Amino acid sequence: MAQQQQISLPAKLINGGVAGIVGVTCVFPIDLAKTRLQNQRSDGLLFIIHHYIMLYNHKYHTYISGAAVNLTLVTPEKAIKLAANDFFRHQLSKDGKLTVFKEMLAGCCAGMCQVTVTTPMEMLKIQMQDAGRITAQQRVMPSVVTTLKMGGTSAVLSTQITRELLKTKGFLGLYKGLGATLMRDIPFSVIYFPLFAHLHQLGKPSPEESVPFYWSFMSGCLAGCVAAVAVSPCDVVKTRLQSLKKGANEETYNGIVDCVRKILKKEGPGAFLKGASCRALVIAPLFGIAQVIYFVGVGEILLGYTPHSIYSS
């Protein structure tokens, strides 16, 4: 067992990174729609129609805004999340059976670990994704407006926004919304990892046989969908707090409590579910793909090992 753990840990780090890159590439346009929908104060139907018009006019580049940031940081983010969960599950199972409570505790610890990378990644990604919406109202940073008008690429724009944030807010500015990110990612991991583990176990034909790859994909999709919808209100609050530049007549918020209070007062409880369907569409295939990558055993293959169990207990 000790040898297997020693072999599987670096492989899981590789699998997590590869899974994140592949998953983000596949679902990023939907994630962009989710972020803009959560920041939208007007009619959601008009917003959706606007995005279809953008696609019809072949403005595909607007649907990969912020992708460079995500693809750069998603490798350590997913590696930390998945490897940390496996590490804590292994540690908590040493003294006996891994109970549901221990599974939830392992997920909680994994969620706390990942925010070191998730928070700055989300912070930069949201500025990128929301830049197009704010540009129309001429409220973004002047340098960003210039870059957008000149047709700057996603990589150039992300570099520009990063420099602006570091200059005006400092390094700690990249961690604005840390509390809201923890509030979202800890419950997500607490729900997702135990649910996936049990769904995945149901697909085992026998104790000696491996779970079919399609069952791993479906288990990841279902667990991801449930967890994503469950924490969607927290994601709305996080997105609002991390959106530094506001459009005309849009609220500014002083922390989580103030954000929740203002959303309830001015937009009603339904606002906390904005983008929930888009988030489910993003997270479900993202984590389904992650489980398939684990099933294939990319990390084990690259390290010259024989791929083994997709999920360690």
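Which pattern does the protein chain follow when read along the sequence? The pattern is α-α-α-α-α-α-α-α-α-α-α-α, and the chain has 12 helices and 0 strands. Helices (H or I, at least four residues) and strands (E, at least two) are DSSP runs, numbered from the N terminus. The model is a predicted one, in which local features need pLDDT of at least 70 and side-chain atom pairs count only at pLDDT 80 or more, while totals for chains, interfaces and linings use all residues. Residues are numbered from 1 along each chain as its sequence is written, and side-chain values use heavy atoms, with hydrogens and water left out.

The pLDDT, the predictor's confidence in each residue on a scale from 0 to 100, has a mean of 75 over the protein chain, and 69% of the residues reach 70 or more. Among the elements, the highest mean pLDDT, 93, belongs to helix α7 (residues 178-202), and the lowest, 47, to helix α2 (residues 44-56). The pLDDT is below 50 over residues 147-153, a stretch with 8 contacts beyond near neighbours in sequence in the model. It is also below 50 over residues 308-313, where 24 such contacts occur. Contact means heavy atoms within 4.5 Å. Where pLDDT is low, the predicted coordinates should not be read in detail.

Of the 313 residues in the protein chain, 52% are buried, that is, under 20% relative accessible area, with exposed being over 50% and partly exposed in between (1.4 Å probe, protein chains only). The chain exposes about 14600 Å², of which carbon and sulfur atoms supply 68%; areas come from the Shrake-Rupley method with a 1.4 Å probe, and for residues only the protein chains shown count as cover. Among contacts with a separation of 6 or more, 79% join residues 24 or more positions apart.

In UniProt, an unreviewed entry carries the annotation "transmembrane region" for residues 13-32, 173-193, 213-237 and 280-305. UniProt positions are given in the numbering used here, feature names are shortened, and annotations may be inferred rather than shown by experiment. Residues 173-193 are 76% helix and 0% strand, with end C-alpha atoms 30 Å apart. For residues 213-237 the values are 96% helix and 0% strand, with 35 Å between the end C-alpha atoms.

Q114 lies in helix α4 (residues 100-135). Q114 is buried because its relative accessible area is 2%. Leaving aside neighbours within four places in sequence, Q114 is in contact with E77, I80, K81, D185 and S189. With K81, the side chains form a polar contact at 2.4 Å, a term for a pair of N or O atoms within 3.5 Å; within protein, one must be able to donate a hydrogen and the other to accept it, and residues adjacent in sequence count only if both atoms are side-chain atoms.
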